Amino acid sequence: MELVIENLSKTYSNGVRALHHVSLRIGKGMFGLLGQNGAGKSTLMRTIATLQDADQGQIVFNGIDAFQKPQELRKVLGYLPQDFGVYPNVSAEELLLHVADMKGIVHANERKEHVDALLQKVNLWDVRKKRLDGYSGGMKQRFGIAQALLGSPQLIIVDEPTAGLDPAERNRFYNLLSEIGENTVVILSTHIVEDVSTLCSEMAIIGHGEVLLTGKPDLIEESLDGQLWEIQVSKEELSHYYEEYKVISSRFHLGKMLITVVADDIPDGNFWKKIPTLEDAYFNQLSKNKKLLSA
Amino acid sequence: MITSIIKFQLKERLTHWISLVFFLMLIFQGVWYTKGTFDYYVNDGVLMNAPSIFYKNFAGLGMLMVIMIVILTGSFFYKDIQYKTANWVYTLPVNEKKFFIGRYLAAFCVNVILATGYFFGMLLVPYSGIGEAHRFGAAPIGQMLHGMTVFLVPNLLLFNSIIICVLVYTKRMNVAYLAAFLVVVFFLLMQTTAESSGYSPLLLIADPNGYVTISEYLDKLSTFDKNHAYVQLSGYLLINRLMWLGVSVILTVLAYRKFSFKDFIRAGNKKEKSIRDTVSPNFMNWTSKIPVPRLSFTLSDQLKKTLTLSSLEFNNIVRPSSFRIIIGVLVLMIVLQNLLWNAGYYIGPEMPLTSGMTFFRLAWGVIITLLLMIWAGELFFKDKTINIWQITDALPVPVWVSQLSRLLAMCGVALILCLVFILVGVISQIALGGMEQIDLGLYISDVLGYKWGWLTFVLQICFVFFIAGLTCSRYTTHIISVGIFLITIISFDMGLFEQVRFGYPLVPGMEDYSEISGYGIWATAGFWLFIMWASLAVVFVMLGILFWDRGYPRSWFRKLQFSGKQLNSYAKLAVIVFLGIFLALQYYISAQAYSNGNFKSSSQEDFEAADYEKKYKHLEELAQPRYQKVDLELAFYPEERKATYKAIITLKNPSSETIDVLYLNFKDFVKLTDLKFDNQSLKEVSKDELHHLITYHLPNPLSGGEVVTLQLEAEKQYVGFSPSGENPQADLMFNGSFGSIREFLPVIGYDDSRELDENRKRTDEGLTKLLSRMPVLDDLSAQNEDAYAKDAFWVAGKITLSTSSDQMCIAPGKLTEQWKEHDRNYYQFEVKDPAPFNWHIGSAKYVVQLEGQAKSVSYRILGDVRHSFNTGIYEDAIRQGIEYVQENLGKYPYDELRLTEINRYHDARYAYPNMIAISEKEGWVADTKALKEKSYLYLTVVSELSKQWINKHIHIANVQGADMLKVALPEAIALHFVEKSLGQEAADLLVEKKLEIYGKDHNNEPNQEPPLLYADGIDYLEVNKGAVALYQMMKGLEPNLFYSVLKSWDQKEGDGNRTFKSLYEQLLSSLPTENRESIRVQFEEVN
């Protein structure tokens, strides 16, 4: 079970280059796709989900060419878009039955059984008869997951699923996604590093439509071990540090500004060593990419 | 602050491309509506850019303007909710009341500014090419500005206030749309009610646009005033304007008081529907297992899926409360239409017939179609509108399944709507006591069929489907589909298109249902046109699927490729096949129209009429023989719309000149098989195929006063059908054939009935204007002609008719014999004493509703088997009428009388020897509970009985005033009968109706209204004003004296033809001197 993306490029009619020679091999399990807003994640997700054509390249899942046989790919696909709406005047149960029918579950009994199980799985059972326009953001997102899981898909794409969710809802999502990722290919697109570090066994960082880095999150973290240094600075000093050092990120801690610098050795005695996180690796990649682009 | 808000809004709105589109649309509407209103005024003196036309335009606003107002106005407030900018805009340090005023005024200003496009459109009319230069005067800028001030601006203010007030109170845009829609519906109701039942104070005041009021006001203006006058704000007009301005102000104040940021920000917030989420933050249902289902994607599964998915889509439309509100409003309107406004019969309501119940679909068809088109557009884009498309488009369902399910759902919605309409109709019939009149077959054919029924709606939905696929834009789909629909409807209404085959998805004759003849020839035409449109609809649906953007929009280049994958090769082949069928049917229908001679455009007809006059007017001066006796044998073949006939016609040379050339004018479709002149063949000198005029050289010249016989054998058959709704070809129908005998026998010499009699058309065709539509009083030649047929003396003869076994024949004369032969019915009639040659013959599935004897006259009432509602009244009218005639005028001239029903395509009434024919629209199905309707039925019968007496006694000269004798005199006699028999109130009601019709119609006089003394045969004059004037003269003179003068005039005048003038002079001289002047003014002046 493998999704192979080769040399995928897409430029919009307004000249925006959304994808540029993107190539990825994604196997069973959770795959995190990390990138800033506008990096091209959603374009890539939509293209895999057969909603958009590419200018060039190929997407093949288990031998199914997404461009040649989109209908075949859809039969094994579950997709939760970043932002989606629901029919306001129908209940969750009705809409799930409707989608289940569209997903090819043609036997009414099976359809009912399947939908009931999913409603229980995502904890919407008690409100299954309620109209969807009364659902909260979290409930709607759970509904979204349920519809993506209908038909037991082999390839699941979830685009920014935790955006706008409170910590508790996010926690639920982690649980659910980790469970469904055991036997399927799940691509989790996000700009929240924690999502990837928590859930994914493999990941890629994408920026300006290009794959900047791929690998296992823990190895990516480890690759910076001994190269990250942190220091507390004032706002006035910030520009100086940016000029003098390779600053990859800045953050506030207890009202004080801390910056993270990449260097092979400790820059000076005021810095202290920082244990690398996936977020640091992510910022490091973004920083590299930014310099590359400006050069 | 307010200025700043207005400035920002104006800049933002007016620089948007959609504003330019609206502006250009309104310019177009300005030109387009001007043409339509101009055509309403047939008087050739009214200019195309007359102020009266512009006043009406401004009051009506027009469909495009209303659409613009509805789309724009609410968004001035709702866009902050829609785009969620209210969350920060409403926190700015702005006074919320000033904010309201600013946005309110900005909305109003934008509407007014864009509405100037309408003004400019009207100004551009002279340069638009829709009329010749002489049709235009100087631009009436002052009156136009006045019209804008009095009508357009207040009406815009009213809509502005209604939409904003409703929006502020309900916080729902769709309710605001509905409110605006209801105002339009209300306006249309006022307008249509005024058109069908006349102006009343209620209508004049209640019309929110002031359109009814201004129409009533303008109808009374002279041509000069129509072209120049400013409208005076007084009377009902002033009340109407002030009242609706007041309503606008009240609504504005209410909205102003209600509006607050805290309140309005709740718009779109559905807190009240929120569902409590009871799941604990850390709980996850680990225990549940998700079963693995079996998936199937066979074709049969997809087909089943299409049906099951459509049920959810169907629910998406019918569940919202707005749907139920709209259905409720429609049902209410239909109930009112059925119960109160079904004035199909011209003087009042009809019995609760099914055809009356199904009529609402025509009155409300445009609105219902618009609703369905908008619902369809919304449904097709629902996934995109609510942003679920990324989920649904990624599902393993072919485009055809998801899209067809929506199409089916919309067809289902339309079906439900139509079934509700049927139910409402049936309940209305039961409520009105018309249980027996329920005709489910007609309900199904009308409401579910393609004559603006369910199938028409389905075709329109298919069109929206195609546009949706083509544009993949919700708003563009609405604008294009609704725009094309409205342009189509209005273009036909304005006569820009005449052939229905250019008007998807229309079929001809939808409005011409006759209880007797059904849809007549249009039934066949309708079927073929429907098949044609259905073929196109299949193409629309297929292409709609092919072009539909699944996922992100594709470029036009990719989208429009026929090689797209959303249709397989079989489906693409089907597109080509159905397109081929559509084109083949277009060709076939065109062939039916032209090759079979079933259709001529009105411009072609005008041209031909003018051409005939130009070529043959000189024949008027030539001596030609006249009909003196006719023996006709004619066989109707109704199922083939054919008649074969033989006639022996006795002709007499009325002049002292010798005639050696004979000019015979035949009607279209007549095929002459043999023609002999005193048993000798005639030599054809020339034949004008266009005008069907054949010139013969007589073997033996016909000297003055000489009598000869013309033996004629011919056949007439209508073949094919017409793609236009104009000519029902009513003389030969499947059932209910009825026509003048001259449809079969030729007109001799110059046929002046072919002349154009509207001066505007005459000028257009290069003919001189008519000063009078009839020969003037002192035209000696015309004085010697009979007013009914100038090529005939009074004629006697025998008529033998035969028809199919299920039909009966009618003809003038006494029925002397009737028999059955070869499974056909035969009838022989004889007109012993010569009579005016206004004879008509026919064949229909009649039943004898009643037979009886009145005095020495045996009578028989023939009619449709279902139309016996008023037979008792007709019988009583015959009995009393004969008695009245005998009492006041002298012996009723016939010992046998047939009163016969004819279908609604004909004039109201006919009278000739032994026969009276009355159209079904004139009383057979009238609801005669009220005095007015009952008395009208008496009037019609007695008027025709009187006409028979007059036609027996008076040779009417073919000069001005002839119709005062032919029409007004019998009508006046009948009015007196009604007064005597049913009371003064009954007569007064009829007089009031006549004066109302005259008042309404005389302003549409195409030429110049003549004084009654010189009346020249125009519809509105003699039968209304003429009859009332004579009736009043009769009352002034005392009826006995009136009749005495009439009889003595009849006896004194000798054998020559009579003019009305001579009767008038005798009547006038009999009046008391002090009464003469007022009567003289009535008859000799136009007032």
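Two strands count as paired if DSSP finds at least two bridges between them. Helices (H or I, at least four residues) and strands (E, at least two) are themselves DSSP runs, numbered from the N terminus.

A word on the ground rules. This is a predicted model, in which local features need pLDDT of at least 70 and side-chain atom pairs count only at pLDDT 80 or more, while totals for chains, interfaces and linings use all residues. Residues are numbered from 1 along each chain as its sequence is written, and chains are lettered from A and ligands numbered from 1 in the order in which they are written.

Back to that strand pair in chain B. β19(B) and β20(B) (residues 915–919) run antiparallel and are joined by 4 bridges. They belong to an open sheet of 5 strands with mixed pairing, in the order β16-β17-β18-β20-β19. β16 (847–854) and β19 (909–912) of chain B stand at the edges with a single partner strand each, so one side of each has no neighbour in the sheet. On average, neighbouring strands here are turned by 15° against each other, direction ignored. (Axes are lines fitted to C-alpha atoms, for helices over the stretch in contact, and angles run from 0 to 180 degrees between N-to-C directions.)

Two helices lie across these strands. Helix α32 (residues 871–888) of chain B lies across β16, β17 (857–863) and β18 (896–902), at about 25° to β16(B). Helix α33 (residues 931–953) of chain B lies across β18, β19 and β20, and runs at about 35° to β19(B). As for what "contact" means throughout, two residues qualify if their C-beta atoms, placed from the backbone, lie within 7 Å.

Now for chain A, which has an open, mixed sheet too, with 6 strands in the order β6-β7-β8-β3-β9-β10. Its edges are β6 (77–80) and β10 (210–215) of chain A, each with a single partner strand, so one side of each is left without a neighbour. At the β6 end, β6(A) pairs with β7(A) (residues 155–159) in the parallel sense over 4 bridges, and L77(A) has L155(A) as its bridge partner. Helix α5 (residues 137–149) of chain A packs on the sheet there, touching β6 and β7, and its direction makes about 165° with that of β6(A). Helix α6 (residues 167–180) of chain A also packs on the sheet, touching β3 (29–35), β7 and β8 (185–190), with its direction at about 145° to that of β8(A).

How far does the predictor trust chain A? The chain averages a pLDDT (the predictor's confidence in each residue, from 0 to 100) of 88, and 98% of the residues score at least 70. Confidence is lowest in helix α10 (residues 278–294) of chain A, at a mean of 77, and highest in strand β4 (residues 56–61) of chain A, at 95.

Next, where the chains meet. 45 residues of chain B are in contact with 57 residues of chain A. On the chain B side, α15 (299–318) and α21 (389–392) are the elements that give two or more residues, and α15(B) gives the most, with 7. That side divides into 23 nonpolar, 13 polar and 9 charged residues. (Ala, Val, Leu, Ile, Met, Phe, Trp, Tyr, Cys and Pro count as nonpolar, Asp, Glu, Lys and Arg as charged, and the others, Gly among them, as polar.)

The axes of α37 (residues 1039–1052) and α38 (residues 1060–1070) of chain B are 10 Å apart, at an angle of about 140°. α37(B) and α38(B) are therefore oblique to each other; angles under 35 degrees count as roughly parallel, over 145 as roughly antiparallel, 65 to 115 as roughly perpendicular and the rest as oblique. Among the residues that meet are F1042(B) and W1049(B) of α37(B) and L1063(B) and L1067(B) of α38(B). The contact has 7 nonpolar, 3 polar and no charged residues.

Most residues other than glycine have a negative phi, and most peptide bonds are trans. T50(A), in the loop between α1 (41–48) and β4 of chain A, has a positive phi of about 65° although it is not a glycine. In chain B, the peptide bond from Y504(B) to P505(B) is cis, with omega near -5°, and P505(B) is found in the loop between α25 (474–494) and α26 (522–547).
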